[in-house]
Amino acid sequence: MVSIVLVEPEIPQNTGNIARTCACLGAPLHLIEPMGFRPTERNLRRAGCDYWDKVDITCWPCAQAFFDAWEAGELGQGALHLFTGQASAPYHKASYGDGDFLVFGRESRGLDPMLIDAYADRCRRIPMADGARSLNLSNAVAIAAYEACRQQGWPGLT
């Protein structure tokens, strides 16, 4: 299974929808701080995050901590796939394997340019019409995660 990584998510409702997608897929969720909301029980309930107890969630204090752990091999051997409208490689042409990480940026600005530059060969794009800025974050995560699962033969899903 792939893992979903949200770098500094800002909108609790999007994070709640993504947690639900992760629960339905059995995918771990990595949340990288700072977040645009506090993950208190009240905020999570308001965001419709009634799936939190069904998701394996890891919180990271900053993006550097996550990427350092990945570089050191502490997160396994899975590949990184960073999703950005600035990539030229279409998401559906990438090969996704067990243990891979699908990385998404914040709603307002996406991923930081330094991350895009550092991992340029790992950046993926979801095609959109000319002039469209971006998809909703939870929709982008669902598109990418289900493509990864399709390529792996829907592991553990019925």
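Modeller: Contact here means heavy atoms within 4.5 Å; helices (H or I, at least four residues) and strands (E, at least two) are DSSP runs, numbered from the N terminus. The model is predicted: local features need pLDDT of at least 70, side-chain atom pairs count only at pLDDT 80 or more, and totals for chains, interfaces and linings use all residues. Residues are numbered from 1 along each chain as its sequence is written, and side-chain values use heavy atoms, without hydrogens and water.

Colleague: Which residues of H5 are buried?

Modeller: Buried means under 20% relative accessible area, exposed over 50%, and partly exposed in between (1.4 Å probe, protein chains only). In H5, the buried residues are Leu137, Ser138, Ala140, Val141, Ala144, Ala145, Glu147, Ala148 and Cys149.

Colleague: How many disulfides does the structure hold?

Modeller: A disulfide is a pair of cysteine sulfur atoms within 2.5 Å. For Cys24, the closest cysteine sulfur belongs to Cys22 and lies 9.5 Å away, too far for a bond. The number of disulfides in the structure is 0.

Colleague: Which residues are closest to the centre of the largest pocket?

Modeller: The lining of this pocket has 9 nonpolar, 9 polar and 5 charged residues, where Ala, Val, Leu, Ile, Met, Phe, Trp, Tyr, Cys and Pro count as nonpolar, Asp, Glu, Lys and Arg as charged, and the others, Gly among them, as polar. A pocket is an open set of points on a 1 Å grid over the protein atoms alone, where a 1.4 Å probe fits, with protein on both sides within 12 Å along at least five of seven lines; lining residues have an atom within 4 Å of a point. Of the 23 lining residues, the closest to the centre are Thr84, Gly85, Gly110, Arg133 and Ser134.
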